[in-house]
Amino acid sequence: MLKINTALTDKQAELTEAEAQLINARTNNQPQAVLDRYQAKIDQASADLKQIAQNYFAADNTSESVPKLKLVNEWLAKVLEFEESGARMDVVKKRLDDYQKESTTFTPLESEQRQLTRDMTVAEKEYLSLVQSLNQATTHRQDIAIDGSLSVLDPPGFPFSPKPAKRLLFVLIGAGAGFVIALLLAALRFWADKRINTLEQAEQRIGSPVTAVFPTVKKFAVNSKASRAAVSMFEQLGNAINIEIEHRRVSAQPPLITLFSMRSKQGKTWFAHGLARLYAESGEHVAYFYPRLTDNDKKFEQDNIAFFPYDLHPNFMNIREPEDLLAGEPALSINSFNKVILELPALVGSPIPLHLVNRSAVSLMVLAVHTLWGRRDKQLFGLYAKAAKHPVLIALNKVEGGDIDAPTVGDIQQGIVRTKRYAEPNEVIAGTSANEKVLDR
């Protein structure tokens with residue numbers, strides 16, 4: 001250890017001197033060959049120093065990198081523990097020898113007892129088996145003694161020809177079972193269906209009478225029964241709205257007509273366009289407020305109808321006047337209009353504007369057939385009716401067979417003449433094609 005330590009100290013001094021020489025050579029701008037020679041000398045000294053350090057570590061540790069002093073101490077502790085254990089084992093062995101001497105004086109009673117128990121168990125099982133065989137033999141002997149030998153009373157009869165197949169019977173049974181199951185499924189579907197499919201279901205589930213029933217109208221035409229029925233229903237709906245406005249005698253001018261629905265895609269816009277056209281044909285100036293669908297929707301006026309798209313602001317539930325819907329736009333004088341039609345978004349996804357609903361003269365709920373009417377829809381309708389504080393008219397849209405009671409062409413001839421100017425091309429509005437009518441759009 002001392003020899004290795006001395007070599008380690010000398011090699012460190014040699015490495016320090018070589019590094020000092022290299023630094024001086026770099027400072028004095030010596031040639032590259034001189035610098036490489038000094039660098040090689042430093043590398044050689046570093047390698048030798050690493051080897052001496054490894055020898056130093058190997059001299060003080062084992063091949064498993066464990067200090068030899070620790071191994072000596074542990075070895076000494078184990079030797080002392082071994083000697084103590086050996087002394088204790090001598091005492092235990094002596095006691096075991098004494099116990100063995102005492103136990104040899106007794107006979108092996110336990111092994112003999114186990115042998116006797118096994119023999120008794122085998123004999124008991126054999127005895128029980130013999131008793132059971134004896135009982136069976138005794139019973140059989142008594143049966144023979146009482147009844148005598150067995151005789152065949154009725155020999156079996158085997159068929160001489162195969163029986164016909166029952167396939168037709170099984171088919172009929174399967175068809176009947178399938179028909180019954182189909183009826184049960186149809187009944188379950190009818191009972192579990194929460195959609196409104198007929199006028200009677202609508203009045204029963206909503207709890208209010210339906211004011212107008214409209215068929216499905218794809219395009220207005222005089223020769224179409226659906227179109228004539230729709231025109232007649234619009235007249236009836238306009239009469240009901242006018243009666244409600246006159247009955248309430250609303251002091252606020254102009255009267256506000258609010259259209260709403262529980263869900264989207266019910267036909268509110270179609271109804272609003274029809275009512276706006278109905279009032280415009282009578283010479284009234286109508287304002288129509290509707291939710292903005294795209295950024296290209298701008299306010300404009302056409303055929304005595306002013307269109308005002310509005311955005312749904314966070315303060316929508318607190319809006320008090322229709323002109324407040326047009327936030328960020330120039331002030332609008334609502335008194336210049338004779339009627340104001342307000343289309344609300346679907347109530348399932350937007351709040352109820354309490355003040356606007358309370359200010360409304362008439363509210364019209366638009367409901368399409370085959371629409372779900374569940375607990376949530378019923379609660380929303382109740383909340384709206386409570387906020388409105390006036391009767392709510394109900395219009396049922398897209399009713400199948402609703403054009404059966406359509407009036408004839410002669411019955412609505414006057415209405416056709418009155419609406420003749422709407423069949424002509426309208427004024428071209430920015431953002432529409434030359435042949436497109438804004439109201440039809």
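1. Let me start with Arg359: at 16% relative accessibility this residue counts as buried (buried means under 20% relative accessible area, exposed over 50%, partly exposed in between, with a 1.4 Å probe and protein chains only). Arg359 lies in helix H9, residues 354-359 (helices are DSSP runs of H or I with at least four residues, strands are E runs of at least two, and both are numbered from the N terminus). Its side chain makes a polar contact of 2.8 Å with the side chain of Glu321. A polar contact here is a pair of N or O atoms within 3.5 Å; within protein, one must be able to donate a hydrogen and the other to accept it, and residues adjacent in sequence count only if both atoms are side-chain atoms.

2. A word on the basis of these values: this is a predicted model, in which local features need pLDDT of at least 70 and side-chain atom pairs count only at pLDDT 80 or more, while totals for chains, interfaces and linings use all residues. Residues are numbered from 1 along each chain as its sequence is written, and side-chain values use heavy atoms, with hydrogens and water left out.

3. Now to the sheet, which is open and has eight strands in the order S2-S10-S8-S3-S7-S4-S6-S5, with mixed pairing (two strands pair if DSSP finds at least two bridges between them). S2 (212-213) and S5 (300-302) are the edge strands, each pairing on one side only.

4. Strand S4 (residues 286-291) deserves a look: six of its six residues are buried, so the strand is largely enclosed by the rest of the structure. Val286, Tyr288 and Tyr290 point one way, and Ala287, Phe289 and Pro291 the other. S4 pairs in the parallel sense with S6 (residues 305-310) over six bridges, where Tyr290 stands opposite Pro309. With S7 (residues 339-343) the pairing of S4 is also parallel, over four bridges; Ala287 stands opposite Val340 and Phe289 opposite Leu342.

5. S7 is likewise largely enclosed, because five of its five residues are buried. Lys339, Ile341 and Glu343 point one way from S7, and Val340 and Leu342 the other. S3 and S7 pair in the parallel sense over four bridges, and Leu256 stands opposite Val340 in S7.

6. Which residues touch the most other members of the largest nonpolar core? They are Ile206, Phe289 and Met365, in a core of 38 residues (a nonpolar core is a set of buried Ala, Val, Leu, Ile, Met, Phe, Trp, Tyr and Cys residues joined through side-chain atoms within 4.5 Å). The largest share of this core, five residues, comes from H10. A second, separate core of 31 residues includes Leu237, Ile245, Leu259 and Leu364.

7. Helix H10 (residues 375-388) has 14 residues and reaches 20 Å from its first C-alpha to its last, close to the 20 Å expected at 1.5 Å a residue (the expected span is 1.5 Å times one less than the number of residues). Its buried residues are Asp377, Leu380, Phe381, Tyr384, Ala387 and Ala388. Seen down the axis of H10, they fall within an arc of 130 degrees, so they line one face of the helix; the arc is that of the directions from the helix axis to the C-beta atoms. Arg375, Lys378 and Lys386 are exposed on the other side of H10. After H10 comes Lys389, whose phi is positive, near 60 degrees.
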